[in-house]
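Subject: Structure handover

Hello,

Here is the structure I promised you. Please open it next to this email, and read on for what I found.

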Amino acid sequence: MNIIVIMKAMADETRLRILNLLQDQELNVNELVIILEMGQSRISRHLKILADSGLVTSRRDGLWVFYSINENEVLQPFLGQTFPLLQTIPEAEEDQKRKEFVLTQRNKETRRLFDSLAKNWKHIKAELYGDLDVV
């Protein structure tokens, strides 16, 4: 980790807003696009800079890539001191409101998916596990 690269990555309001949103919840690019009301390419460019600096990490889940704050033990004390300052960004409160909305929508979609699968669970279970009793 290079402190100069980290500080340069943090020297942008949009990237600070992204860090603020990720401090307690992983989000994907599409969710950040909705929350920040910016284009996908712009968000992706900022996420690349944050990832290259080591401030955020990503994980793939199906078609989605989710971003979160790097849990690196060297970064944590620094970020722990920085996060309270991110609350002073003028857009922080609105960002949090939109984030809550996006997460509510994510939960509804997940519930809808599992509700739709529940109707056919016996058939799905038989295809996946055959006669194996997984209960």
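First, a term: contact means heavy atoms within 4.5 Å. Please also keep in mind that this is a predicted model.

Start with Arg17. Arg17 is found in helix α2. Is Arg17 buried or exposed? Arg17 is buried, because its relative accessible area is 8% and the cut-off for buried is under 20%. Which residues does Arg17 touch, once those up to four places away in sequence are not counted? They are Leu36, Met38, Ile89, Glu91, Asp95 and Arg98.

Next, Ile89. Ile89 lies in the loop between α5 and α6. Ile89 counts as buried too, at 12% relative accessibility. Residues up to four places away in sequence aside, Ile89 touches Glu13, Leu16 and Arg17.

Now the helix pair.
- The axes of α2 and α3 come within 12 Å and cross at roughly 115°.
- That makes α2 roughly perpendicular to α3.
- The crossing of α2 past α3 is right-handed.
- On the α2 side, Arg17, Ile18 and Leu21 take part; they meet Leu32, Ile35 and Leu36 in α3.
- By type, the residues of this contact are 5 nonpolar, no polar and 1 charged.

Glu37 is found in the loop between α3 and α4. Phi of Glu37 is near 55°, a positive value in a residue other than glycine. Glu37 counts as exposed, with 61% relative accessibility.

Last, the core. In soluble globular proteins, nonpolar side chains tend to be buried together. Here, the largest nonpolar core has 30 residues. Which residues have the most contacts inside this core? Leu19, Ile43 and Leu55 do. The elements giving two or more residues to the core are α1 (3-9), α2 (13-22), α3 (29-36), α4 (40-53), β3 (64-69), α5 (75-86) and α6 (92-118).

Leu55 is worth a click. Leaving aside neighbours within four places in sequence, Leu55 is in contact with Ile6, Ala9, Met10, Leu19, Leu50, Ser68, Ile69, Asn70, Leu75 and Leu79.

Best wishes

Definitions and conventions
Residues numbered from 1 in each chain as written. Predicted model: local features only at pLDDT ≥ 70, side-chain atom pairs only at ≥ 80, totals over all residues. Heavy atoms only, no water. Core = buried A, V, L, I, M, F, W, Y, C linked by side-chain atoms within 4.5 Å. Buried < 20%, exposed > 50% of the residue type's maximum accessible area, 1.4 Å probe, protein only. Helix = DSSP H or I, 4+ residues; strand = E, 2+ residues; numbered from the N terminus. Axes fitted to C-alpha atoms, helices over the stretch in contact; angles between N-to-C directions. Parallel < 35°, antiparallel > 145°, perpendicular 65-115°, else oblique. Left-handed = near helix turned anticlockwise from the far one by under 90°. Nonpolar A, V, L, I, M, F, W, Y, C, P; charged D, E, K, R; others polar.
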